[in-house]
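Open the model in your viewer and keep the selection tool at hand.

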Amino acid sequence: MEQTMKISSSPHIRDRETTQGIMKQVIAALLPAAIFGIYNFGAHAALVLIVSIVCCIGFEALFQRLLGRDLTIGDLSAALTGLLLGMNLPPEVPFWIPVIGSFFAIVVVKQLFGGLGQNFMNPALGARAFLLISFTGRMTSFSYDAVTTATPLAVMKAGDKVDVKAMFFGTIPGTIGETCAVALVLGGVFLIVRGIVNYRIPVYYIGTFALLVMLYAIFSGRGFDISFLMAHLFGGGLMLGAFFMATDYVTSPVTPAGRIVFGVFLGALTFVFRIFGASAEGVSYAIILGNLLVPLIERVTVPKAFGREERK
Amino acid sequence: MGLLTFSGGIHPYDGKDLSKDKEIRDYLPKGDCVYPLSQHIGAPAVPLVKKGDPVLVGQKIAEAAGFVSANIHSGVSGKVKAIEPRLTVGGTRVNSIVIENDGKFEEMDFSANIRQLDQLYREDVKDMIREAGIVGMGGAGFPTHVKLTPKNEDAIDTIIVNGAECEPYLTSDYRRMLEVPAKIVTGLMIVMNLFDNASGIIAVEDNKPEAIRILKKMTKDMDNITVNPVKTKYPQGAERQLIYANTGRKLNSSMLPADVGCIVHNIDTIVAIYNAVIEGRPLFERIVTVTGDAVKDTANFRVRVGTNARELIDAVGGFVVEAPEKIIFGGPMMGKAMFSLDVPLVKGSSALLCMKKDPVARSKPSNCIRCGRCAEVCPGKVLPYKLAELANKGDLEGFVRMEGMECCECGCCSYVCPAKRHLTQTIAGTRKQVLANRKR
């Protein structure tokens, strides 16, 4: 019997949580907002989500098959990328848009850099930015109840009033998954409570952004305008971005201080892009830029080892 | 105010229910006993006996070779069968004294060692502890008399008895606290009396309320001894974490507890000190927990050092399965996986943990997803994922710069990693490499 005893280095027990388990919980947290998107925008939106998810999984499997690597689609990270990408697309895009987006997200952003854990930017956001630049018209045409219309942020940018309550519940034009603020916040809180996501990035991101918007409102003569603030918080991709994209493990800092710096940076950048930029939206570009700075942020925020705090 | 604790750590399934209600039972070895000459930190002991010599229980059979070394005493009577290399749990063959057990357990006269306490000088007490061959019995095996001889004796103000027993499954310290609390308190007082300014702390994790109650009751009239409940969290009993939780003082890998005025002793070590100073008995016994889901019954045995590990498995009725996948010498977080049961129990052996299934063999490492869990749980506040990355690249300089040497190898990072990466193993291996390079 001696030969049957297994030998390994300590520790000899492992926590039950797995990569797949984490991905499952993030997907579960996104589902309410996604389901609302389907309810809000109709069957075509559902098909866009499905095409996006299937293509992401398919491209990952195909790429790994062709290169003779181990299949990793079981970890569900490709499925999550597909869901996020779909939720970041306008509801009426033709199906070739998610196909191209999936290819860019999985093959170019993720696999070419070494697969899960190695990509330097969020694959879904990278693909969204790629699509936005390449097919600007299709990516920025939003309609609601079959009427082509501007998103609330674009309406505000033009100086008009918006319905904050509708923005909170999501009955507004926008991408499939970004409109229902209440569902996204609930999903985000679920992830924080479950310990999947640390509170620092979303709290500092949203907090910084809210503070700057408020200051801007006061100093630009609007006064203490709560509905302007609410519209900025619940309009556009802020909630989806702050809870689900900025917190992507791979492309955000690991260090506690780094997460604060990252959140503040994203908040400030989103503010600048939205208020002073040409486009009404700024969340995706802010996060992508933040992603690129992560190695630098981590480098300067390495925590002091226990008992070594007094070191120079 | 919250409980005393540290930042980081994990809460694994503790498995203590399996054996915590089992009273300590004596187990007397049936077969030969094997005494590796190196079962402590420091120089191997030098044999005092030769083949064929008769030996009594408690007889000194090997003598410390220098200050940082320890005497070894026989736990059985009989005669010396051989002095030869024998397999130890570490996998290496270590020169050992093998004693043929005559089964009579004839003891030496320990009363000759007993002296009136009030006539003892501090040096006498330290001599008795050194003579008894006492080493740290939590596993490290550092000679106790060396610990008790710090550079600056006046600076020592806190003696901590480590009753945290944070390793899952282990219950030997818990049973000691329930069954012989007076010996623990007296042992602590013996150590405190070695220093002018020392007060005592007995730190116990709050998952052992019965032990806390008994010890508190026993020390309620003593001003200079406090019983501190500490939060149940692994690795609460790690020396640096325990000192921080109880005193707020921090030490790093290049410091000794004495540098911050502390000395920490394991429960079993304190009992050994009591036995040596009050009863004149050298260290030849210890408590070993036999537990896990693969054994027919669990037990807390008082065993003779040198006993073959297999005898304890037989003593609980063997295994419930034909072959357990893994047997661990010590606890599941820092213990060693055994490849043979035919090794002797040594002064630092706290448990035999037998597991039907080995979770490590069932988990396949995948890519790091940078979730940061390893950094959150690390009691040393280093970045394990980063250290493992540098280690895999062979970047020893970067490894040291990122404080890889501050790792205490507690295992929290590997435990918590969702990608099942062997972080502790990678980091521990690289630390050894760095240390070896420094010696060169």
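Predicted model: local features only at pLDDT ≥ 70, side-chain atom pairs only at ≥ 80, totals over all residues.

Residues are numbered from 1 along each chain as its sequence is written, chains are lettered from A and ligands numbered from 1 in the order in which they are written, and side-chain values use heavy atoms, with hydrogens and water left out.

**Backbone stops**

Stay on A:Leu76, whose phi is near 70°, a positive value in a residue other than glycine. Most residues other than glycine have a negative phi, and most peptide bonds are trans. A:Leu76 counts as partly exposed because its relative accessibility is 23%, where buried means under 20% relative accessible area, exposed over 50%, and partly exposed in between (1.4 Å probe, protein chains only).

Next select B:Arg370, which is not a glycine but has a positive phi of about 60°. B:Arg370 sits in the loop between α9 (359-362) and α10 (373-377) of chain B, and with a relative accessibility of 13% it counts as buried.

Two cis peptide bonds can be visited next. One joins A:Ser10 and A:Pro11, with omega about 0°, and A:Pro11 belongs to the segment before α1 (19-41) of chain A. Another runs from B:Tyr234 to B:Pro235, with omega near 0°, and B:Pro235 is in the loop between β11 (225-230) and α6 (239-247) of chain B.

Select A:Leu211, A:Leu215, A:Ile218, A:Phe219, A:Phe224 and A:Ile226 together, and you will see a nonpolar surface patch of about 660 Å². Patches are made of residues with over 30% relative accessible area and no salt bridge, like charges being joined within 9 Å and nonpolar side chains (Val, Leu, Ile, Met, Phe, Trp, Tyr) within 5 Å; the accessible areas come from the Shrake-Rupley method with a 1.4 Å probe, and for residues only the protein chains shown count as cover. Helix α10 (residues 200-219) of chain A gives the largest share of the patch, four residues, whereas A:Ile226 is found in helix α11 (residues 226-234) of chain A.

**Charged pairs**

Over all chains, a search of the whole structure finds 37 salt bridges, each being a side-chain nitrogen of Lys or Arg within 4 Å of a carboxyl oxygen of Asp or Glu. Begin with A:Glu281 and A:Arg274, whose closest N and O atoms are 3.1 Å apart, and both of these residues are buried.

Then move to helix α3 (residues 172-179) of chain B, where B:Arg175 and B:Glu179 lie four residues apart, about one turn of the helix. In their salt bridge the closest N and O atoms are 3.0 Å apart; B:Arg175 is buried, with a relative accessible area of 7%, while B:Glu179 is partly exposed at 33%.

**Enclosed and open spaces**

Which residues lie nearest the centre of the largest cavity? Select A:Met23, A:Leu80, A:Leu84, A:Asp248 and A:Tyr249, which are among the 21 residues of its lining. This cavity holds about 310 Å³ of space, and on a 1 Å grid over the protein atoms alone, a cavity is a set of points where a 1.4 Å probe fits but cannot get out, a pocket is an open set with protein on both sides within 12 Å along at least five of seven lines, and lining residues have an atom within 4 Å of a point. Grid points are joined across faces, edges and corners, and a volume is the space filled by probe spheres set on the points. The largest share of the lining of the largest cavity, four residues, comes from α3(A).

Finish at the second largest pocket, with about 1100 Å³ of space. It is lined by 38 residues, and the closest to its centre are A:Glu298, B:Tyr385, B:Lys386, B:Glu389 and B:Met402. Seven lining residues, the largest share, come from α11(B).

Note on methods: Helix = DSSP H or I, 4+ residues; strand = E, 2+ residues; numbered from the N terminus.
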